[in-house]
Amino acid sequence: RAKKLYLRARGYGLRSLETRHKGFSEALLKNPEAAVARAQKKDVPYLYWTAASWGAAISLGLDDPELIADVPAMQALIDRALELDESYDAGAIHSFLIGYEMIRQGAEGDPEERAREHFKRAVELSEGMQAGAYVALAESVSVETQNKKEFNELLDKALAVDVDAKPEWRLLNIVMQRRAQWLLGRSEDLFLE
């Protein structure tokens, strides 16, 4: 059910981009980099939300070859959004990329290093007031590197974020804090002793 909802959101995003750039959806599947090159800074919200929903659907549909084949299109959307406005929504693009860098195929450099750079920038842009960046680094990097101490510290920081400090981020922070609590409850399964 969640995958279907994410795919519906992707469809809305693609339709929005299509109304702004005729032929965008078809071009995106044929040549992602060329298609997104037409996007401008005012398109960043559409690029970001389409990529985020598409990425979430892909992560839930790893057994679906058609969705896996869409990774280059999703990646082109988020990379273009970063290129056009890396500070969008107080670091939302960087928060997304924390987890994605750990599984990105064919990128230069160390995935952990790239993820940590995005984390640093996400925290700077949100002034440490969004729990999502802490949760993303804990879940994608600390677990991968089996760094339980860092995992606990990051999730404690996520839980320490004042959800009432920024009303516009309240719901997101509550959701991320619930995920942090859930992850802490599963730490025995995530780390080898």
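Which helices are included in what covers the buried residues of H7? In this predicted model, local features need pLDDT of at least 70 and side-chain atom pairs count only at pLDDT 80 or more, whereas totals for chains, interfaces and linings use all residues. Residues are numbered from 1 along each chain as its sequence is written, and side-chain values use heavy atoms, with hydrogens and water left out.

**View 1. Helix H7 and its cover.** Because 9 of the 10 residues of helix H7 (residues 92-101) are buried, this helix is largely enclosed by the rest of the structure; buried means under 20% relative accessible area with a 1.4 Å probe, protein chains only, and helices are DSSP runs (H or I, at least four residues) numbered from the N terminus. Among the buried residues of H7 are His 94, Phe 96, Tyr 100 and Glu 101. What covers the buried residues includes helices H4 (44-60), H6 (71-84), H8 (111-126) and H9 (131-142).

**View 2. The packing of H7 against H9.** The axes of H7 and H9, lines fitted to C-alpha atoms over the stretch in contact, come within 9 Å and cross at roughly 5 degrees. H7 and H9 are therefore roughly parallel to each other, a term for angles under 35 degrees on a scale from 0 to 180 degrees between N-to-C directions. In contact (heavy atoms within 4.5 Å), Ser 95, Ile 98 and Gly 99 of H7 meet Ala 133, Ala 136, Leu 137 and Ser 140 of H9.

Definitions and conventions. Buried < 20%, exposed > 50% of the residue type's maximum accessible area, 1.4 Å probe, protein only. Helix = DSSP H or I, 4+ residues; strand = E, 2+ residues; numbered from the N terminus. Parallel < 35°, antiparallel > 145°, perpendicular 65-115°, else oblique.
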